[in-house]
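Reader: I would like to go through the labels in this entry one by one. Please set each value against its cut-off.

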Amino acid sequence: MQISPSEDKLPVVGPPSSPQDSGEGLYFHDGRRKVDYVLVFHQRRHGSIRSRASTSISHDRLSIVSNGNFPPSVGSDAAASVPAGEAARVGEVFMELGDAGGNELTEPADHEMRLIRQEFEANLLEAGLEIERDRELKNHGPSFTRLHAPWPVLCREAEFLKIKVPTKTSYELKEESGFGSSMSTVWRKMNHPFQPKVPHQDQERTKFLTHCFSRDKLHLYNIRSKEAFFDNATRGRIVYEILRRTVCVRTCQTIGISTLIAKGVYDAAFPLHDGDYKVIGHLEERSDRQVLHDEWARYSAFYKYQPIDLVRKYFGEKIGLYFAWLGVYTQLLIPASIVGIIVFCYGVATVDTDIPSLEMCDDRLNFTMCPLCDGACDFWQLSTACGTARASHLFDNPATVFFAIFMSLWAVLFLEHWKRRQISLSFSWDLTGIEDDEEHPRPKYETILLQKRQRKQKNKKKKKKNEAAIEKLTWKDRLPGYLINVSSILFMFALTFSAVFGVIVYRITVSALMAMSPDPETKSNVRVTVTATAVIINLVVILILDEIYGAVALWLTELEIPKTETNFEERLILKAFLLKFMNAYAPIFYVAFFKGRFAGRPGNYVYVFNDYRMEECAPGGCLIELCIQLSIIMLGKQLIQNNIFEIGIPKLKKLARALKDKGPAEKELEEERPPQQWNLDYALAPFEGLTPEYMEMIIQFGFVSLFVASFPLAPLFALLNNVIEIRLDAKKFVTELRRPVAVRAKDIGIWYNILSGMGKFSVIINAFVISFTSDFIPRLVYQYMFSQTGTMHGFIDHTLSHFNVSNFKPGTAPHNLEQGGITVCRYKDYREPPWSSDAYTFSKQYWCVLAARLAFVILFQNLVMFLSLIVAWGIPDVPKTIVEQFKREKKLLVDVFLREEKEKFQLIQSLFSKDNTLHPGRHTLHPSHLPGRFSTLPSGQTQGGPGEGGGPRARSRAASFSQFTGNVPASPRSENENSRHTMV
């Protein structure tokens with residue numbers, strides 16, 4: 001609707017006589033109506049001259065724009081300012097929202113923004129909301145518009161949104177009997193110290209039946225107070241739904257507050273927190289925010305369970321499911337950590353009895369190894385790599401295979417356990433059977449669609465006039481975005497591989513330089529030093545590219561022009577996960593599966609840039625290097641990215657905002673009132689979604705599951721990180737972020753599919769790590785096929801091939817070759833000796849080991865997959881107790897409605913019999929002539945009583961028991977006769 005100049009006047013109510021009782025910024029200035037939502041825009045004035053009207057108003061005067069009337073005492077002072085001849089009602093004045101007599105200079109853009117806000121807020125009034133705003137006294141700075149949803153609007157929207165509310169009927173949850181009951185009692189007593197102190201926690205054994213809200217069944221609901229029946233999160237969600245669908249014609253049919261924020265009409269829109277998070281009064285009077293801060297968002301509460309139900313009540317189901325999932329994941333890391341510690345301790349306990357390690361450390365065996373580089377490097381003794389061999393055994397031992405199988409089953413168990421937990425939460429949170437909310441188009445989609453319509457109208461102006469409007473964008477409109485997406489992602493992959501290759505070149509060159517050092521200590525620590533420094537470089541590159549890839553994924557998703565926020569979020573998640581997964585794991589994949597595979601052999605090495613040889617694995621295998629790589633990247637990402645970035649960057653942003661607002665704030669400090677809750681919340685950082693939180697946990701899940709065979713302590717470090725992460729995220733949500741809108745969600749969405757895919761992928765990766773990266777298969781093959789004694793004695797000699805030093809290419813032999821008197825050196829590979837007819841070709845042992853490795857991969861995958869199927873089959877998705885409770889609730893709900901219908905019928909019969917008794921000669925009424933459900937009157941006819949003025953009804957209401965009895969809460973119309981209730 002267009003707003004004419006005469007419609008720039010909106011009702012304004014003056015402040016109450018005692019404005020101090022305003023509920024600490026959580027209520028309108030009358031102290032009765034809650035602030036359900038806040039709209040913020042920056043006031044930009046370009047002139048210092050104010051109108052007479054504005055200068056005559058006191059500083060604490062409020063503008064309350066409302067669609068209802070208030071008692072005369074509320075606006076008695078303001079009523080005196082009504083101009084003569086103005087037809088205004090008692091308790092109501094008018095304020096000119098346009099230019100005040102032309103005394104204030106505004107830019108055209110600011111004037112247009114103000115007109116858009118006027119139209120939008122007028123439409124909000126038509127939708128039934130009530131609005132309050134401070135008078136615009138400041139030359140600049142944020143201005144706040146507070147919104148309140150009255151009871152009729154809450155009822156209407158709750159019915160439209162099918163919000164489930166508790167009824168008066170309740171039942172006791174079934175308790176176990178016998179041995180199970182005693183065990184449950186013992187378990188509850190043991191768990192009591194770990195339970196958060198949340199009010200009303202003792203009522204969890206009693207459950208109220210819930211039903212989708214209906215205005216025709218108010219008598220069924222447990223309405224003790226209309227103000228408290230819908231909690232603050234639900235009220236905020238209802239107001240957000242109205243804001244989301246309200247149309248603004250001035251911006252070409254723009255729908256929703258999100259579009260207006262994107263166009264700069266408003267700066268922000270958010271529901272308020274429940275006051276300050278610091279407890280000032282008695283502990284019994286704590287708000288939900290204070291309880292969450294004390295029992296959940298403190299590091300000292302790390303040992304306690306999370307109050308998930310309260311988190312869901314305060315933040316909504318979507319955020320509640322995230323923290324519930326994170327809690328389940330962290331709890332299941334405990335057994336994985338214990339098993340990992342046992343495996344590591346087994347390696348420590350058996351390192352002194354490991355025969356291959358002892359052989360490598362034995363100087364008497366005198367294995368002379370071939371040079372590590374050409375020319376400058378000399379021959380070296382295998383015993384100098386003793387430390388590396390002993391360290392390798394800590395992670396490369398028979399227990400590692402068991403741990404890999406265990407972790408593969410653990411991933412399946414985790415997903416199955418989460419499915420059960422998710423269904424239990426869906427039942428207890430009344431999410432069963434909810435429908436997906438209808439989503440409106442995103443602002444960018446609307447803008448591009450509007451531009452397309454305008455172009456088409458210009459091109460076909462002279463042709464047909466009556467053409468169907470363009471309803472949606474096609475693949476042709478998105479084709480440029482798709483092409484840029486594909487090319488950009490391929491470029492990012494190339495960038496990641498280039499970074500990995502650059503680190504490889506660094507490792508090769510530094511290894512060659514350190515090998516030429518005259519210091520024997522430096523030579524002996526070449527591999528560990530080069531590996532550690534290269535991993536640190538890798539970590540820095542990963543952290544930098546992570547931030548770049550996050551921004552690139554967002555940009556690429558915008559180019560695809562997704563229609564709804566759900567589509568946008570899913571596409572963003574897939575792109576960000578793909579890029580960050582490749583970035584985090586590319587260096588690890590190289591060490592695990594490619595390093596040393598293409599290095600060649602002495603006399604026929606593979607060179608990089610014609611000067612540097614490709615690097616080889618250590619004599620003890622590449623597993624120790626993989627362990628170093630994995631541990632440093634995992635710990636570094638968790639420590640730097642997940643914790644320091646999450647703590648440091650928000651604090652720096654908050655400091656920057658404080659410094660930016662410090663100058664203007666000091667000038668106006670004397671004129672300003674103490675900051676209200678909306679001022680405090682606006683100073684907090686906006687909520688930007690759960691994608692970053694999920695992403696860091698998914699990447700960590702990959703570290704825990706994909707390469708866990710090389711680093712059994714990964715679950716332990718993940719557990720320690722998550723204990724801190726839960727409290728860090730909780731503190732951020734409670735104290736540092738604006739309150740997000742409570743969003744309903746049945747599950748964690750696409751993240752579950754990603755977790756499931758990674759769980760299956762981890763089986764393949766661990767199979768290849770054990771068979772190709774570790775020495776587990778070569779040791780088995782040697783012990784059972786080639787060992788003469790059936791033991792591991794002689795294994796090192798079996799894995800080392802011979803090379804005749806006379807076969808070095810010119811310029812590649814050591815400089816002191818003639819002085820050493822060495823004719824044969826050894827290198828790790830399965831090749832024929834130089835005296836064989838097939839010198840330096842792969843030997844029979846090589847093919848035996850390769851066949852055994854491939855057979856192990858197939859056996860391992862099938863065994864783990866089979867066991868996973870058994871685990872998934874043995875654990876039902878829906879707990880038995882939930883099935884029983886669901887059936888019981890369904891039966892009780894049917895009984896409630898049958899009893900209600902029976903009471904209605906009995907009441908109608910009694911009314912008929914009474915009427916016949918009083919008027920025996922009168923024609924008997926048929927039930928179809930009764931008002932409500934049995935009425936045949938059209939909706940436009942009146943059925944109201946004397947108190948309703950006989951006006952037309954907006955909607956024919958179904959009859960309910962409340963229409964025939966007087967012991968139920970008053971209807972919204974009888975509560976406020978003059979309030980306007982607009983139906984949408």
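Reader: Why does Ser-408 count as buried?

Author: A note on sources comes before the answer. This is a predicted model, in which local features need pLDDT of at least 70, side-chain atom pairs count only at pLDDT 80 or more, and totals for chains, interfaces and linings use all residues. Residues are numbered from 1 along each chain as its sequence is written, and side-chain values use heavy atoms, with hydrogens and water left out. Now Ser-408: its relative accessibility is 1%. Buried means under 20% relative accessible area, exposed means over 50%, and partly exposed lies in between (1.4 Å probe, protein chains only). So Ser-408 is buried.

Reader: Where is Ser-408 found, and what is it in contact with?

Author: Ser-408 sits in helix 14, residues 398–428. Helices (H or I, at least four residues) and strands (E, at least two) are DSSP runs, numbered from the N terminus. Neighbours within four places in sequence aside, Ser-408 is in contact with Val-763, Asn-766, Phe-860 and Val-864. Contact means heavy atoms within 4.5 Å.

Reader: What makes Arg-235 and Asp-36 a salt bridge?

Author: Their side chains meet at 2.8 Å, N to O. A salt bridge is a side-chain nitrogen of Lys or Arg within 4 Å of a carboxyl oxygen of Asp or Glu. So the pair qualifies. It links distant parts of the chain: Arg-235 is in helix 7 (residues 232–245), Asp-36 in the loop between strand 1 (9–12) and strand 2 (37–44), 199 residues apart. Arg-235 is buried, because its relative accessible area is 1%. Asp-36, at 5%, is therefore buried as well.

Reader: How many salt bridges does the structure hold?

Author: The structure holds 39. One of them joins Glu-569 and Lys-318, with the closest N and O atoms 3.2 Å apart. Glu-569 lies in helix 19 (residues 565–594) and Lys-318 in helix 11 (residues 317–350), so the bridge ties together parts 251 residues apart in sequence.

Reader: Why is Glu-569 called partly exposed?

Author: Its relative accessible area is 25%, so it falls in the middle class. Lys-318, at 31%, is partly exposed too.

Reader: How do you know that Lys-891 and Asp-895 are separated by about one helical turn?

Author: They are 4 residues apart in helix 30 (residues 880–918). Lys-891 is exposed, because its relative accessible area is 55%. Asp-895 has 29%, so it is partly exposed.

Reader: What makes a set of residues a nonpolar core, and which residues have the most contacts inside the largest one?

Author: A nonpolar core is a set of buried Ala, Val, Leu, Ile, Met, Phe, Trp, Tyr and Cys residues joined through side-chain atoms within 4.5 Å. The largest has 127 residues, and Trp-325, Tyr-329, Trp-410, Tyr-585 and Phe-707 have the most contacts inside it. Helix 19 gives the most to this core, with 16 residues. Phe-707 touches Tyr-585, Ile-588 and Phe-589, among others, not counting residues up to four places away in sequence.

Reader: How many residues are in the second, separate core?

Author: That core has 44 residues, including Trp-151, Cys-155, Tyr-171 and Leu-173.
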